[in-house]
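Me: I would like to go through a structure with you. Could you take my questions one by one?

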Amino acid sequence: MRIKVFENKHQVEIASASIFIELIQQKPSAVLGLATGDTPIGTYREMIAAYQQGKVSYRYVRTFNLDEYVGIASDHPNSYASFMKNHLFESIDIPSEQTHIPDGQQQDLEAECIRYDELMKAVGQIDLQILGIGRNGHIGFNEPSRTLSSKTHVVALSAETRKQNAHHFSHPEQVPTQAITMGVGSILQAKTILLVAYGAGKADILKEALQGPVNTEVPASLLQLHPRVIVMMDQEAGSWYRG
Ligand code: GLP
């Protein structure tokens, strides 16, 4: 695991975007694993800037998002499909049919999970997966639990996670109670994982996840089992790290 602490958030945004840009320059048909939440927004902004400056094209890239809420339409402003469109896809040259997000509106959610896993298998290994971390240690929407699912599955969102995500909704009760998420097994299959975190509020869980015991009650701790993890944090999130 390579852990890097940067002086400020903007430096992390630039450095994390560079990892994506350099990969795509070397491999134009790279498969990217993408995340939502506040954390990757700056990375995506820098990826858009690189496209606008003619440094990179996303024409042949394929993407798989980690997760999606169950029960809200893909064009709802709070869906992760809308998030990806607004924060990345509509500002770069990736064809929409090369972007994949679980569909939380399907009647048969189990079938949707199977479809998503099969699609990932058909496209091939994710080259680079960006991750944020929930304050309870979740990755994607893999919540702390005695057991974790390896494959894409439906999860009940914890009260803590719903509370954390409530600021995106006009009313806390509108936060969906369920989501579809890639499993921890799928996440760990990515060739490289880039974990990004900002702010003092993430420091304790990062220390626990990256230096504590590997434990399904802290899903991000399973990243310790992966051979190529890069962690990029600002000073506040990485205050505990002594190098
Ligand atoms: C969300 C997402 C995660 C994200 C996490 C942290 O619920 N499902 O993929 O990493 O919570 O969010 P944020 O980046 O806003 O702190």
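Me: Which residues is asparagine 136 in contact with, leaving aside its neighbours within four places in sequence?
Reply: Asparagine 136 is in contact with Glu143, Pro144, Ser158, Glu160, Thr161, Gln164, Ile205, Glu217 and Pro219. Contact means heavy atoms within 4.5 Å. This is a predicted model, in which local features need pLDDT of at least 70 and side-chain atom pairs count only at pLDDT 80 or more, while totals for chains, interfaces and linings use all residues. Residues are numbered from 1 along each chain as its sequence is written, and side-chain values use heavy atoms, with hydrogens and water left out.

Me: Where does asparagine 136 lie?
Reply: Asparagine 136 lies in the loop between strand 6 (128–131) and strand 7 (153–156). Strands (E, at least two residues) and helices (H or I, at least four) are DSSP runs, numbered from the N terminus.

Me: Does asparagine 136 count as buried or exposed?
Reply: Asparagine 136 counts as buried, at 10% relative accessibility. Buried means under 20% relative accessible area, exposed over 50%, and partly exposed in between (1.4 Å probe, protein chains only).

Me: What lies 3.1 Å from a polar atom of its side chain?
Reply: That is the backbone nitrogen of histidine 138. A polar contact is a pair of N or O atoms within 3.5 Å; within protein, one must be able to donate a hydrogen and the other to accept it, and residues adjacent in sequence count only if both atoms are side-chain atoms.

Me: Now serine 221. Where is serine 221 found?
Reply: Serine 221 is found in the loop between helix 7 (203–211) and strand 10 (229–234). Serine 221 is buried, at a relative accessible area of 0%.

Me: What does the side chain of serine 221 reach?
Reply: The side chain of serine 221 reaches the backbone nitrogen of asparagine 215 at 2.8 Å. Beyond four places in sequence, serine 221 is in contact with Ala209, Pro213, Val214 and Asn215.

Me: And leucine 131, what does it touch?
Reply: Leucine 131, in strand 6, is buried with a relative accessible area of 0%. Not counting residues up to four places away in sequence, leucine 131 touches residues including Ala35, Leu66, Ile187 and Leu223. Leucine 131 and isoleucine 187 are 56 residues apart in sequence and 9.2 Å apart in space, C-alpha to C-alpha.

Me: How many helices and strands does the chain have?
Reply: The chain has 7 helices and 10 strands. Buried residues make up 53% of its 243 residues.
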